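Hi everyone, and thanks for coming. Please take a look at the structure on the screen, and then I'll walk you through it.

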Amino acid sequence: GDGGEGGPFEYSPYAPATRLFLNELFIDLDAVPELEAAAEARALMASPEFRAEAAELEALPRVDYRRAMALKRRVLEILSRHFFDRGKPDRRAAFDDFLRERPDTREYALFRAAIERTRTTWHVWPEPMRSGTLTEHDADPQAVQYHLYAQWIAHEQLGALARRPWHAGSGLYLDMPLGVNGDSYDVWRHRELFAMEAAGGAPPDNFFIKGQNWGFPPLHPERSRAEGHAYWRMVVSRLTETARALRIDHIMGLHRLYWIPRGMAADEGA
């Protein structure tokens, strides 16, 4: 989700907006290099209103992901504007290197910004947007820049964390979700690989006597095999750039998966 009030939002780790990019919610604002020169961002973070909201969020018994992201985004948007307007040459060079290594980040940023402009899922976009063609006219340029900047900062911070001098044999242990949200960037971009008329889940058992519908479109095994599992390999490789170990959600799903046809109950799958 975009974290904005009333906007598209899904907090479940089992229905991510993508498995190829990072969640900017986890950015450490105090560690962003642009903060030092961005007086407006520092003033916002020091304001009584911002401090009160941050303190209230920290005191909650459960994480309010929507409010936390909305608060953090206010700062990140200022830092993004500062970077694109007055970024230092060495930082601009590092940003350009990041985009050269990950050219699809531009499309991901455009997709996220288009979602924010339309306030709808890609399933109801007009053509040719729905079929995978976005242009710079389909989104707010500053929103695109924000998502580019946020991905770079998240990637930079996670990479720095992974390069820490950990104790021997230790490192980052990351999570790889079994599926991805049907409204996600991944399904929009790679929809031919997904069985859009089905959902992954689990059959009835003693605890869930009516079965479980996990809500995501499963990867079509034959279509994935035909492309050499390129999407799957990209998901794994991006996680293992920084992870020393991966928790693979529902490992049995690599061998077999319970499918529920659209419109049918969770106990009617196979």
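This is a predicted model: local features need pLDDT of at least 70, side-chain atom pairs count only at pLDDT 80 or more; totals for chains, interfaces and linings use all residues.

Let's start with β5, which has a covered face, Y258 and I260, and an uncovered one, W259 and P261. Residues are numbered from 1 along each chain as its sequence is written, and side-chain values use heavy atoms, with hydrogens and water left out.

When I say helix or strand, I mean DSSP runs numbered from the N terminus, with at least four residues of H or I for a helix and at least two of E for a strand. Two strands pair if DSSP finds at least two bridges between them.

So which strands make up the open sheet? There are 3 strands, in the order β3-β2-β5, with antiparallel pairing. β3 (212-213) and β5 (258-261) stand at the edges with a single partner strand each, so one side of each has no neighbour in the sheet. Strand β2, residues 198-202, is joined to β5 by 4 bridges. Across that pairing, G201 stands opposite Y258, and A199 faces I260.

**Over to the helices**

Now find helix α6, residues 141-162. The expected span of a helix is 1.5 Å times one less than its number of residues. At its N-terminal end sits a cap: a side-chain oxygen of D140 lies 3.0 Å from the backbone nitrogen of Q142. That is a polar contact, meaning a pair of N or O atoms within 3.5 Å; within protein, one must be able to donate a hydrogen and the other to accept it, and residues adjacent in sequence count only if both atoms are side-chain atoms.

Helix α5 has 15 residues and reaches 21 Å from its first C-alpha to its last, close to the 21 Å expected. Is α5 enclosed or open to the outside? Of its 15 residues, 11 are buried, so α5 is largely enclosed by the rest of the structure. Buried here means under 20% relative accessible area, exposed means over 50%, and partly exposed is in between, using a 1.4 Å probe and protein chains only. Among the buried ones in α5 are Y108, F111 and I115.

**Inside the core**

A nonpolar core is a set of buried Ala, Val, Leu, Ile, Met, Phe, Trp, Tyr and Cys residues joined through side-chain atoms within 4.5 Å. The largest one has 55 residues, and I27, V75, L79, F111, W125, L134 and Y149 touch the most other members. Which helix gives the most to this core? It is α6, with 9 residues.

**Rings and charges**

Next, the aromatic side chains. Rings of Phe, Tyr and Trp (its six-membered ring) pair if their centres lie within 6.5 Å; planes under 30 degrees apart count as stacked, over 60 as edge-to-face and the rest as tilted. The whole structure holds 18 aromatic pairs. F83 and F84 have ring centres 5.1 Å apart and planes at 80°, so this pair is edge-to-face. F83 also pairs with Y149, tilted this time, at 5.5 Å centre to centre and 35° between the planes. That pair links distant parts of the chain, with F83 in α3 (residues 65-86) and Y149 in α6, 66 residues apart. Both F83 and Y149 are buried.

A charge sits over a ring if NZ of Lys or CZ of Arg is within 6 Å of the ring centre and within 35 degrees of the ring normal. R92 does this over F83, at 5.0 Å from the ring centre. R238 sits over the ring of F21, 5.3 Å from its centre. F21 also belongs to a cluster linked by ring pairs, along with Y108, F111, W125, Y185 and W188.

**Two details in a loop**

Finally, look at the loop between α5 and α6, where P128 lies. A cis peptide bond joins E127 and P128, with omega about 5°. R119 lies in that loop too, and has a positive phi of about 55° although it is not a glycine. At 42% relative accessibility, R119 counts as partly exposed.
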